[in-house]
Amino acid sequence: MSEPHIVFQDVHKSFEQKGSQPVIALDQVNLTINKGEFISLLGPSGCGKSTLLNIVAGLDKQTSGSITVNGQPIKGPGNDRIVVFQESGLFPWMSVLDNVMYGLLIKKVPKEEAKERAMKWLQKVHLGKFANAQPHELSGGMKQRVAIARALVMDPEILLMDEPFAALDEQTRMVLHKELEELWYETKKTIIFVTHNIREAVILSDRILLMKTRPGGVKSVFDVKAARPRQATDSVLVNLESRILVELEQEMEKILKEEFGHDYDLKKDSLRGDSDSHLGSDI
Ligand SMILES: Nc1ncnc2c1ncn2[C@@H]1O[C@H](COP(=O)(O)OP(=O)(O)OP(=O)(O)O)[C@@H](O)[C@H]1O
Ligand SMILES: [Mg+2]
């Protein structure tokens, strides 16, 4: 029986804007994320993905409604919820090992124990041999692996990932998908993963939230019922990708109509090409 972990009730978030209407980043979000679930947030630019993640991280606060973690309202950032961003955010003056140990030392974990735990995680992300390297000596994919090790060494209950692989090439991304799936399977963390990439979402997730704009929020929810470990060629995933793409295109058409008004019908075909700028180039 699945156990609720993060519960959103009527969550609303708006941002005031000088001289114009507030932007509604999230409206009426009602959602229960279960313990150990891998959930992706997918959708066009500006639909509130990062806003939702930041609120769970305790970096921002909803305007109204409630969000609880294990039944408790979120009061701010905490070691139970750690974020991995698109940029690894490693300290450039520290070695890889020191970067991974840093959070443990801040928590007053004794140095030898911190080192042992950090090495264990570096090995899990296949970077044991690079413990003494400096971040500038690593590739983009390796830096993101260090960022994941640095997050997981803190043993958070919840891992929040905001487009962590968006800047990586397709091959590196595929390798990291496999590694992340394995780490998730082993650790049973609850993961909220933000992406523009439909394939990435279907390969990794138990559930996908397709988000919408104006107002921002959840448009549709898709269960991903494919066996793990996942294969990109699995027909369940391929069919689901097409279904999601259809809905995403509807959402894009709505956005373009709002932006271009009457001009939309006249310019339809040329504007459709613009949709990539909203989706990111990698759907
Ligand atoms: N600090 C802020 N002040 C004002 N408006 C904001 C702020 N943060 C976000 N917004 C607005 O809220 C909406 C949702 O933004 P958010 O960053 O959550 O989108 P997103 O889905 O993560 O987009 P992207 O895919 O481009 O990262 C956007 O319209 C954005 O302009
Ligand atoms: Mg974002």
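This report describes the domains, the domain interface and the salt bridges of a predicted model.

**Domains and their interface**

The domain assignment divides the protein chain into domain 1 (4-80 + 156-279) and domain 2 (93-150). Their contact draws on 12 residues from domain 1 and 10 residues from domain 2. The C-alpha centres of the two domains are 28 Å apart.

Between them, domain 1 and domain 2 bury about 890 Å², and 67% of this area is on carbon and sulfur atoms. On the side of domain 1, Leu176, Glu179 and Leu183 lose the most area to domain 2, together accounting for 42% of what that side buries.

Two salt bridges are counted between domain 1 and domain 2. Arg145 and Glu179 meet through their side chains in a salt bridge, at 2.8 Å from N to O. Helix H5 (residues 170-187) supplies the largest share of the side of domain 1 that touches domain 2, namely seven residues. By class, that side of domain 1 consists of seven nonpolar, three polar and two charged residues.

**Salt bridges**

Side chains of opposite charge can pair when their charged atoms come close. In the whole structure, the search finds 15 salt bridges.

| Pair | N to O distance |
|---|---|
| Arg145 and Glu179 | 2.8 Å |
| Lys124 and Glu186 | 2.4 Å |
| Arg173 and Glu200 | 3.4 Å |
| Lys254 and Glu251 | 3.2 Å |

Lys124 forms a salt bridge with Glu186. This pair links distant parts of the chain, with Lys124 in helix H3 (residues 111-124) and Glu186 in helix H5, 62 residues apart. Lys124 is partly exposed, its relative accessible area being 27%.

Arg173 forms a salt bridge with Glu200. Here too distant parts of the chain are linked: Arg173 belongs to helix H5 and Glu200 to helix H6 (residues 198-204), 27 residues apart. Arg173 and Glu200 are both buried.

Lys254 and Glu251 lie within helix H7 (residues 235-260); because they are three residues apart there, about one helical turn separates them. Lys254 counts as partly exposed at 27% relative accessibility, whereas Glu251 counts as buried at 3%. Elsewhere, salt bridges with shared partners join Glu181, Asp206 and Arg228 into one network.

**A buried serine**

Ser14 is located in strand S1 (residues 4-17). Its relative accessibility is 17%, so Ser14 counts as buried. Leaving aside residues up to four places away in sequence, Ser14 touches Pro22, Val23, Ile24, Ala25 and Thr63.

Conventions: Residues numbered from 1 in each chain as written. Chains lettered and ligands numbered in written order. Predicted model: local features only at pLDDT ≥ 70, side-chain atom pairs only at ≥ 80, totals over all residues. Heavy atoms only, no water. Domains from an automatic or database assignment. Contact = heavy atoms within 4.5 Å. Buried area = accessible area lost by both parts, 1.4 Å probe. Salt bridge = Lys/Arg side-chain N within 4 Å of Asp/Glu carboxyl O. Helix = DSSP H or I, 4+ residues; strand = E, 2+ residues; numbered from the N terminus. Nonpolar A, V, L, I, M, F, W, Y, C, P; charged D, E, K, R; others polar. Buried < 20%, exposed > 50% of the residue type's maximum accessible area, 1.4 Å probe, protein only.
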